[in-house]
Amino acid sequence: KIFFFVMKKLMRNQTAITEFILLGFGDLPELQPLLFLLFLVIYVLTIAGNILIVVLNITLILAYPLLHTPMYFFLSNLSFLEICYTSVTTPKMLVNLLVELRTISYSGCIAQMCFFSLLGTAECLLLAAMAYDRFMAICHPLCYVFAMNRRVCGCLVAGSWLGGVAVALIQTALIAKVPFCGSNAIDHFFCDIVPLIQLACGDTSVNWTELLAVATFVVIIPFGMILVSYICIISTILRMPSAEGRGKAFSTCSSHLMGVFLFYGTCCMMYLSPTSSNSLGIDKLFALLYTMVTPMLNPIIYCLRNKEVKGALRNFLGRTKCAPQL
């Protein structure tokens with residue numbers, strides 16, 4: 001309630017503009033039907049895949065208490081976050097691909113930017129928490145049970161969401177104070193912070209400084225911590241005497257690294273060089289990667305490539321088939 005109350009206060013329109021136009025992919029009119037079908041399929045697969053992961057993790061944990069580990073707790077939270085994350089931008093983009101008047105109200109645009117910032121920040125921090133979980137599990141297995149208990153895992157997840165809320169409120173407060181008195185056309189398919197700052201006609205130096213600070217503390221530092229943790233993890237794996245153990249550890253960690261590099265890499269290219277990427281139009285490609293492609297691939301990267309999950313799923317399905325015969 002406090003969050004929505006603050007949001008309502010911040011989104012009071014103090015400028016002459018009452019709505020924005022999302023240009024999106026309007027420069028490709030002949031490809032609009034094809035893009036609509038493509039993005040619709042990706043969105044449906046993303047929602048279905050991540051819902052499946054949440055349901056699957058809950059079912060497997062109930063059927064196999066040994067799977068009640070931090071990794072599956074984090075995976076369930078990540079999938080839930082991805083469902084919300086992609087749903088902030090994709091439905092509006094799909095509608096705009098079917099209509100000629102691609103408008104969004106001022107308050108709707110600010111709200112979309114706020115929730116996108118919240119969920120994007122939360123995902124950056126959650127991926128770092130997942131890397132820390134893998135670091136403790138592989139590099140310090142004897143301390144893992146005590147170091148990653150339910151309270152610690154809950155605090156890490158809650159901290160990720162609270163960090164997202166803090167960043168979203170700060171960015172919303174700063175962008176709400178900037179006047180928009182010129183063009184209302186946003187050359188993007190959703191209301192992101194960078195095109196909004198570029199569209200403002202007042203002094204935006206504070207906004208750019210805040211964006212750089214957020215990119216540093218939310219993207220660069222967590223990404224650096226993840227790289228350091230995986231250097232330690234790889235070093236530990238290479239010292240394992242068992243080839244089977246090395247293969248199992250590499251399988252788990254490589255899938256996480258794939259998702260990390262795809263997500264953090266596109267975020268770095270987008271928000272650490274916003275002016276150059278926007279002038280070349282590459283921002284839309286990067287945005288598609290971290291708003292649609294990454295959420296769609298995460299169920300495959302984190303679960304379907306995980307031998308433990310696949311093995312438990314096969315055992316569960318086999319037990320389910322045999323249950324009526326018992």
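1. Basis. The model is predicted, so local features need pLDDT of at least 70 and side-chain atom pairs count only at pLDDT 80 or more, while totals for chains, interfaces and linings use all residues. Residues are numbered from 1 along each chain as its sequence is written, and side-chain values use heavy atoms, with hydrogens and water left out.

2. Overall make-up. The protein has 12 helices and 3 strands. Helices (H or I, at least four residues) and strands (E, at least two) are DSSP runs numbered from the N terminus. Of the 326 residues, 50% are buried. Here buried means under 20% relative accessible area, exposed means over 50%, and partly exposed lies in between (1.4 Å probe, protein chains only).

3. Surface and contacts. Accessible areas come from the Shrake-Rupley method with a 1.4 Å probe; for residues, only the protein chains shown count as cover. Contact means heavy atoms within 4.5 Å. Among contacts between residues at least 6 apart in sequence, 81% join residues at least 24 apart.

4. Annotated spans. An unreviewed UniProt entry lists "transmembrane region" for residues 34-64, 71-90, 110-132, 152-174, 212-238, 250-273 and 285-304. UniProt positions are given in the numbering used here, feature names are shortened, and annotations may be inferred rather than shown by experiment. In the model, residues 71-90 are 100% helix and 0% strand, with end C-alpha atoms 28 Å apart. Residues 212-238 are also 100% helix and 0% strand, and their end C-alpha atoms lie 37 Å apart.

5. Disulfide. A search of the whole structure finds 1 disulfide, defined as a pair of cysteine sulfur atoms within 2.5 Å. The partners are Cys-109 and Cys-191, with sulfur atoms 2.0 Å apart. The link is left-handed, with -120° about the S-S bond. Cys-109 lies in helix H4 (residues 106-139) and Cys-191 in the loop between strand S3 (185-186) and helix H7 (193-199), so the bond ties together parts that are 82 residues apart in sequence. Both Cys-109 and Cys-191 are buried.

6. Cys-232 is partly exposed, at 31% relative accessible area.

7. Salt bridges. The whole structure holds 2 salt bridges, each a side-chain nitrogen of Lys or Arg within 4 Å of a carboxyl oxygen of Asp or Glu. One joins Asp-133 to Arg-134, with the closest N and O atoms 3.0 Å apart. Asp-133 and Arg-134 are both buried. In the other, Lys-284 pairs with Asp-187, again with the closest N and O atoms 3.0 Å apart. This pair links distant parts of the chain, 97 residues apart: Lys-284 is in helix H11 and Asp-187 in the loop between S3 and H7. Lys-284 is buried, with a relative accessible area of 12%, whereas Asp-187 is partly exposed, with 39%.

8. Nonpolar patch. Leu-212, Phe-217, Ile-220, Ile-221, Met-225 and Leu-272 make a nonpolar surface patch of about 580 Å². Patches are made of residues with over 30% relative accessible area and no salt bridge; like charges are joined within 9 Å, and nonpolar side chains (Val, Leu, Ile, Met, Phe, Trp, Tyr) within 5 Å. Phe-217 lies in helix H8 (residues 205-238) and counts as exposed, at 58% relative accessibility.

9. Leu-289. This residue is found in helix H11 (residues 282-304) and is partly exposed, at 24% relative accessibility. Leaving aside neighbours within four places in sequence, Leu-289 is in contact with Thr-266, Thr-294 and Pro-295. Leu-289 and Thr-266 are 23 residues apart in sequence, with their C-alpha atoms 7.0 Å apart in space.

10. Asn-96. Is Asn-96 buried or exposed? At 6% relative accessibility, Asn-96 counts as buried. It lies in helix H3 (residues 70-96). Not counting residues up to four places away in sequence, Asn-96 touches Leu-22, Gln-32 and Arg-102.
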